[in-house]
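Trainee: I would like to learn how to read strands and their pairing. Please take me through one case.

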Amino acid sequence: MPMLLEVKPDQPHVVLHSEELITSEIKLSEEETVVAEEPLIHLHDYYRQVPVASVHTTCGEAATMMNQDQEHPCIVLCDEQMKPTGLLMRETLYRMLNGRFAADLFYRKPVIQVVNTSPVIADIHVEASTIIDIALGRNEQHFYDCLLVTEQDRLLGVLTMRDVMSLSRRLQQTVTEERIRTVTESRQEISRINAAVTKLVNAANQTVHEAREIMALSKQGEESLKHVDASYNRVYQHMESQGQHADHMLNSIKTGSGMAHSIRSLADQSGLLALNASIEAAHAGEYGRGFQIVAGEIRALAKQTREVADNMSSLLENIGGLTLQTVELVQASGAEIDDSSVHVSAGGATFRQLNSAVRDLSRIAEEIAMEGGKAGEVAEHIRTKLDKMVSKSE
């Protein structure tokens with residue numbers, strides 16, 4: 001009879017595959033959860049090899065196989081391709097052969113007639129947790145039967161319930177180690193998040209402080225621009241008054257220039273009359289000599305008057321030109337003040353908009369600081385929970 005002679009070692013070596021992980025969740029509190037990863041444990045070093053019987057094996061021959069090695073918990077019935085077709089447990093065989101007439105009834109009977117033809121068969125690549133669930137889910141009659149392990153439908157060995165429990169214990173240990181590692185990493189990550197949130201809150205508080213300073217400066221700038229605008233308005237009013245006075249002066253200069261022209265005209269007429277008087281006095285001879293002297297003085301006075309009128313006219317024209325330039329400068333200055341006043345008003349509006357924007361920024365920063373504080377409290381709460389979990393796990 002073919003035999004699988006190797007015996008399962010007492011301390012199996014567990015092979016872990018890091019690329020095959022199953023995600024499970026560990027509940028922390030009401031809303032905090034940490035994800036743990038369940039590694040798959042390979043079964044190659046867990047199954048044990050047992051005797052293999054064929055369809056022609058008798059119960060007596062099966063008993064002989066069992067007696068040769070007391071460590072074998074069962075016999076597996078296989079076909080020629082080593083595909084399992086039945087399972088016979090040691091206890092079942094001994095119980096059947098220990099009866100009063102058992103030797104006569106069963107000893108020569110084919111073992112196929114008494115085997116369990118529907119044993120649990122698991123492929124070598126099935127996950128350990130699945131095998132454990134299948135083993136624990138069997139009914140009471142076959143609860144302690146071995147599980148058959150195959151690869152491509154060929155028998156490799158069996159797993160006893162003791163093997164299944166050992167597998168379950170190792171799986172739990174591995175999951176616990178993964179849980180501790182995951183919780184530790186989560187705690188470190190939460191600590192980093194808490195530190196980042198603390199920095200955010202400090203930055204938000206600093207932003208609020210600076211925003212308030214900017215608001216104060218903006219308010220001062222707006223008040224200063226209001227004073228500048230008021231000063232511009234007063235200067236503009238003064239320049240309007242100066243422009244009006246300059247207009248009155250131009251009118252007066254025009255009037256004076258007309259009067260100067262009139263005086264020159266009168267001087268010309270006086271000079272002409274004095275010349276005519278001199279001519280008439282010359283005609284009068286000795287009798288008109290005195291009148292000729294008077295006429296000469298009048299002609300000299302008319303000449304002086306004409307010169308004064310010319311000088312006065314030139315002076316008034318110069319004063320009129322300067323006054324006109326003054327009016328033009330006043331008007332240009334008024335236009336500049338108007339334009340500056342527009343810019344000052346725009347600057348005031350800009351300061352008001354800046355003040356409003358900074359006020360909104362300050363409100364947002366305060367909300368960030370408040371929400372960040374709450375987030376920091378939550379992170380600290382989670383970190384405390386994780387610390388407790390790590391302490392309990394250790």
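Trainee: Which residue in β5 stands opposite Leu 77?

Mentor: This is a predicted model, in which local features need pLDDT of at least 70, side-chain atom pairs count only at pLDDT 80 or more, and totals for chains, interfaces and linings use all residues. Residues are numbered from 1 along each chain as its sequence is written, and side-chain values use heavy atoms, with hydrogens and water left out. Strands (E, at least two residues) and helices (H or I, at least four) are DSSP runs numbered from the N terminus, and two strands pair if DSSP finds at least two bridges between them. Here Gly 86 in β5 stands opposite Leu 77. Strand β5, residues 84–89, pairs with β4 in the antiparallel sense over 5 bridges.

Trainee: In which sense do β3 and β4 pair?

Mentor: β3 (residues 52–53) pairs with β4 in the parallel sense, over 2 bridges. Val 52 stands opposite Val 76 of β4.

Trainee: What lies between β4 and β5?

Mentor: The two strands form a hairpin with 5 residues between them. Met 82 lies in that loop, and its phi is near 65°, a positive value in a residue other than glycine.

Trainee: Why does Met 82 count as buried?

Mentor: Met 82 counts as buried because its relative accessibility is 17%.

Note on methods:
Buried < 20%, exposed > 50% of the residue type's maximum accessible area, 1.4 Å probe, protein only.
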